Amino acid sequence: MSRARSLLARLFSRRRTNTHGHERSIYVNTPLPASHTDSLPHYAPNHIRTAKYTVLSFVPKNLLEQFRRAANIYFLFLLILQFIPAVTTGLPGLSALALFTIIALTMIKDGYEDSKRSASDREANRARAVVLGQEWVNVNKAPAHAMRPRGLMRLVGSDSGAGGSVGGAVPGAAPQAVHTRTQPQFDVVRDMDIDGDSWAITEWRHIHVGDIVLLREGDSVPADLVLLGSSDPDGTCFVETKNLDGETNLKSKHAPAATLHMTCPQQLSAFRCIIDAEPPSTLLYSFKGSIQIIDSNDRDPLGVDNLLLRGSVLRNTQWVTGVVVFTGDETKIMMNAGETPSKRSRIERMMNYQVMSQFALLFALCLLSAILGGVYYSRANSFQALFIVPFETSSGKSAPLYGFLTFWTALILYQTVVPISLYVTIEVVKSFQAYFINQDMDMYYAPAERRCVPKSWNLSDDLGQVEYIFSDKTGTLTQNVMIFRQCTIRGRVYGEIVGDDEPDRAAELRRAMDTRIEQTFGAPYLFRQSETATFLDTSVYDDLQTDNTQARAIFEFFTVLAVCHTVISSVPDSAHPHVLEYKAQSPDEAALVSTARDVGFAFLRRDKDRVYCNFRGQDHVFQLLATLEFTSARKRMSVIVRCEDGRLMLLSKGADSVIMDRIRANQERLRQATLGDLELFANHGLRTLCLGYRILDEAEYTTWKRDYDHAMASLGDRETEVEAVSDRIERELQLIGGTAIEDKLQDGVPATIAQLALAGIKLWVLTGDKTETAINIGYSCNLLNNDMQLVVVTGGDHEGTRAQLERVLREFGDTHADLSFAGGGGGALAG
């Protein structure tokens, strides 16, 4: 009975999750405890299935889907009626042919759609991965024979990969020869100077909890991994998570301090630890766990910064290693995916309602026919007896029985009230629409040589009924390519904006900048990349040569840009060691550091807790003591460094609304001047940031560092505790100035939005920019125009915002055609 229930569960559901929600312990190079020896914990295999159907489930599940339509139930009922001789009016086979035709067409269409999902699943499940070789034993796996599906379970879904033994030998199973030394995947192994025989190539579906995986730049993460080490000495790597959250900015991940030294497979094979992890969760930005080092008996906390999620892609990092903690349906991306939905268009839902309405009319007609038939049948001497009685007198039927049979006969005769041909026509039209969409050259993306591929043909008729579009701004309307244009330092604006249509003017300013740098520094500045420099203003060197407060402010400004970041530098060509390439988790940060380099304040590299820079031709070294990273909630980033003269400095950058609340008193004139300049930048559609710093007292830092380390080691609400400690020191800042960065619109965005507006479609755009920046971009992309009445709503809380909206609606009326809102205070822009 239990196997039958399991078969039915696999037949009608694709998800197999950890329903108990237990915490898990992963043992790495450590024997299992006695409690686990007899029965290993059951972990989901890394095989995934997003397709709705399997070989066995396709027919029953698809029929259930199709008979959600009221019309199909109606036609099936009529078909059954026509097999009853007492009420049939013709050959039932003809009616059956029509119903079977529409069901078969829909089944073929749904099967074709789902075959694409199955092909995508096979491609993902059979993708290649590099894991620690078979001489290494993963004690967290059950024996192969215990995980292999049997009987009909093999037909329910494709091979789950449970029987694979690659990526660490399975206890009790014979090792399999899987080394493929000639495969290109081992190039990364040679780059790490590691013996390729220690690694093996396997498929994603054969990866298990506890396996140690090796990734190189550009690889997708096959399961949720705890990061053990990377090519960076600090154990830092960058991942792209747009497949998970749609964000194009890179995110930095860090290996625990206890595992930074592991840079070869021999160390990984000898490293003994126990990783405790929370139950599988849908929360992408939350993870709680710990890693216990057996040899030293130390226990370090693990957070989301130590976790690489399945679906993310390794970027700007040569290689990383990690141990698998969640696989398959227990990974965060799969737990958020849910069941593949059965989508129904608005027309289909409307037709269900229409069928029910027409059936009510049909019922009334049939009832009337039955009553009249019974009445006339009872009148043997009437005129109708000439037509009815001669054929019915021998049957001995009563008038009520005759009326009852007449009801069902009339139901068959009047069935064209709900025409089955309409449904056949709609299915054929949807198929042709999907084909035309795929073949439309206006929807062909030439750079990737990719056509538009309809994923769900059922929704093609909804394309003409779209009324609202909700969109992000950065990376959607804009290119997400940041260009540093201007800055304000101590109340003075630097930087000249040169358009793309002025290449001669830009070249002239770049030559002038090169000349002034050489005059100011006394020698050519080799780190400057003049051909790509976007900050153009020679007056910054005039002020930098003076010995006054403005010169010191400029030095502090570009020092913050060069030191306060998480950028990683590299030298692409060893023949040109002064040509630096920066890899950052956001294009904003790369633009800031690149501009500082081109001005003369170059970030060279970081080595563990040292940051090496070159300022105006002189080398400088900063000791990095703490990094308070940027988050969407904090809206700021800070670092604490020790300068070469022994001073402790806190360097901060962030949104003006956050930094301005943290500056020390007696800076009102500078504050107002800086805010005025930032508003000017915003009116030109530029993204703005504020910069500040603070000199720390040694005793204050020592006390704060103790509290910060305690918060970082907390196994409770770690994020809240760290934020409280960080907020305590990010106060009493000295304001330096602000930056202005341009994020250009994508090609064709204004024309597209104008066409959408002509079609009556309302577009809402969400942005975290300042109100002035949002309004300017709204006009530049045709989201707003001069014929609109612009209303700015700046609510600090729910009730205040609601009150302002109600006041606006009372003033303009809730049906005002040109009413648009621009939310202030970091809110949303909508038009």
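Which side chains meet in a salt bridge with a distance of 3.0 Å, N to O? They are the side chains of lysine 473 and aspartate 769. Lysine 473 lies in the loop between strand E14 (468–472) and strand E15 (478–489), while aspartate 769 lies in the loop between strand E26 (762–766) and helix H25 (771–780), so this pair ties together parts that are 296 residues apart in sequence. Both lysine 473 and aspartate 769 are buried. A salt bridge here is a side-chain nitrogen of Lys or Arg within 4 Å of a carboxyl oxygen of Asp or Glu. Buried stands for under 20% relative accessible area, exposed for over 50%, and partly exposed for anything in between (1.4 Å probe, protein chains only). Helices (H or I, at least four residues) and strands (E, at least two) are DSSP runs, numbered from the N terminus.

A word on the model itself. It is a predicted one, in which local features need pLDDT of at least 70 and side-chain atom pairs count only at pLDDT 80 or more, while totals for chains, interfaces and linings use all residues. Residues are numbered from 1 along each chain as its sequence is written, and side-chain values use heavy atoms, with hydrogens and water left out.

Back to the charges. By the rule above, the count comes to 33 salt bridges. One of them joins aspartate 543 to arginine 492, with 2.6 Å from N to O. This pair, too, links distant parts of the chain: aspartate 543 sits in helix H17 (residues 539–544) and arginine 492 in strand E16 (residues 492–494), 51 residues apart. Aspartate 543 has 12% relative accessibility and therefore counts as buried, whereas arginine 492, at 36%, is partly exposed. Another salt bridge runs between aspartate 110 and lysine 109, whose closest N and O atoms are 3.2 Å apart. Aspartate 110 is buried with a relative accessible area of 11%, and lysine 109 is buried as well, at 4%. Elsewhere, salt bridges link up into a network made of Arg634, Arg636, Arg662, Glu723, Asp727, Glu730 and Arg731.

Next come the rings. The structure holds 21 aromatic pairs. Rings of Phe, Tyr and Trp (its six-membered ring) pair if their centres lie within 6.5 Å; planes under 30 degrees apart count as stacked, over 60 as edge-to-face and the rest as tilted. Phenylalanine 615 and phenylalanine 622 have ring centres 6.0 Å apart and planes at 45°, so their pair is tilted. Phenylalanine 615 is buried at 2% relative accessible area, and phenylalanine 622 is buried at 7%. These two belong to one aromatic cluster together with Phe555, Phe557, Phe558 and Phe601.

Some rings also have a charge over them, which here requires NZ of Lys or CZ of Arg within 6 Å of the ring centre and within 35 degrees of the ring normal. The charged end of arginine 605 sits over the ring of tyrosine 612, 4.1 Å from its centre. In a second case, lysine 762 places its charged end over the ring of tyrosine 468, 6.0 Å from the centre.

As for strands, six of them form an open sheet in the order E3-E2-E4-E13-E5-E11, with antiparallel pairing. Strand E3 (199–203) and strand E11 (307–308) are the edges, each pairing on one side only. Two strands pair if DSSP finds at least two bridges between them. Strand E5 (residues 224–230) meets E11 over two bridges, in the antiparallel sense, and valine 226 has leucine 307 of E11 as its bridge partner.

Most residues other than glycine have a negative phi. Asparagine 29 is not a glycine, yet its phi is positive, at about 55°. Asparagine 29 is found in the loop between strand E1 (24–28) and helix H2 (34–37) and is buried, with a relative accessible area of 19%. Arginine 616 also has a positive phi of about 55° without being a glycine. Its place is the loop between strand E20 (610–615) and strand E21 (618–628), and at 32% relative accessible area arginine 616 is partly exposed.
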